[in-house]
Amino acid sequence: VNLVQISGPSLAGVVIGRWDVAGCLAANAVTFFFALASLAIIRPAPSAPRAPSALGRELREGFRFVRARPVLFGGIALAWLHGFFGVSVVRLYALFARSVLGVDGPRYGWLAACGGVGAILASGLVTTRAKRETIPRNIAGAALVVGFTVLCLSLATRYPIAVIAVMALGAGQMAFRSAVSTAIQLSPPDRMRGRVMRLLPLAFS
């Protein structure tokens with residue numbers, strides 16, 4: 001996934017510089033025809049009817065379980081805040097690059113790719129610190145890094161500073177997601193893990 005975060009924006013920057021945004025959108029529209037054609041030829045195997053799951057009840061059970069555990073509750077609450085305020089920053093990179101930094105095309109692609117570079121650099125550190133006793137510190141520390149780098153990025157007016165801020169933001173987001181996911185994997189018992197994990201996509205989607 002992190003490799004795609006690097007190669008995708010980098011390639012997009014080159015393509016935008018060659019064919020502009022309209023050409024990229026037209027090419028993207030064409031790819032949907034291939035996806036629709038693939039879906040049209042799929043013939044799913046018949047399956048036995050299953051009893052409907054009580055999704056609402058399971059979500060309530062998962063929320064009650066999380067609310068009684070401060071580490072889980074704090075981590076998921078921060079994940080919801082991150083999903084609302086942090087993830088949306090990435091969607092503004094193109095506007096930020098053009099309006100504030102005065103760059104476009106390939107330089108925007110490299111700027112967007114720096115988030116993936118930071119995530120890869122942070123992945124090794126995250127792996128070595130993925131222990132039960134360090135989960136609270138990991139969540140809090142990563143959340144502080146994300147908030148601080150978003151603030152730095154909002155004040156950046158020069159391209160090199162923005163590159164460093166985006167790279168640090170990618171590292172912080174990687175560390176934060178990994179810390180919250182580790183808490184959810186290690187804390188609940190088996191019968192509750194699925195219920196608790198259903199709360200996480202609401203934050204990271």
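Okay, so let's start with leucine 111: setting aside neighbours within four places in sequence, leucine 111 touches Ala97, Leu101, Tyr159, Ala162, Val163 and Val166, where contact means heavy atoms within 4.5 Å. Quick caveat: this is a predicted model, so local features need pLDDT of at least 70 and side-chain atom pairs count only at pLDDT 80 or more, while totals for chains, interfaces and linings use all residues. Residues are numbered from 1 along each chain as its sequence is written, and side-chain values use heavy atoms, with hydrogens and water left out.

Now, which residues have the most contacts inside the largest nonpolar core? They're Tyr93, Leu101, Leu111, Leu153 and Ala162, in a core of 20 residues. A nonpolar core is a set of buried (under 20% relative accessible area, 1.4 Å probe, protein chains only) Ala, Val, Leu, Ile, Met, Phe, Trp, Tyr and Cys residues joined through side-chain atoms within 4.5 Å. Helix 4 (93-101), helix 5 (106-128), helix 6 and helix 7 (159-186) each give two or more residues to this core; helices here are DSSP runs (H or I, at least four residues), numbered from the N terminus. Helix 7 has the largest share, six residues. Apart from that core lies another, of 16 residues, including Phe65 and Ile184.

On to a helix pair. Helix 3 (residues 70-91) packs on helix 6 (residues 135-155) at about 20°, axes 11 Å apart. So the two, helix 3 and helix 6, are roughly parallel, a label for angles under 35 degrees. On the helix 3 side, the residues meeting helix 6 include Val71, Gly75 and His82.

Key
Axes fitted to C-alpha atoms, helices over the stretch in contact; angles between N-to-C directions. Parallel < 35°, antiparallel > 145°, perpendicular 65-115°, else oblique. Buried < 20%, exposed > 50% of the residue type's maximum accessible area, 1.4 Å probe, protein only.
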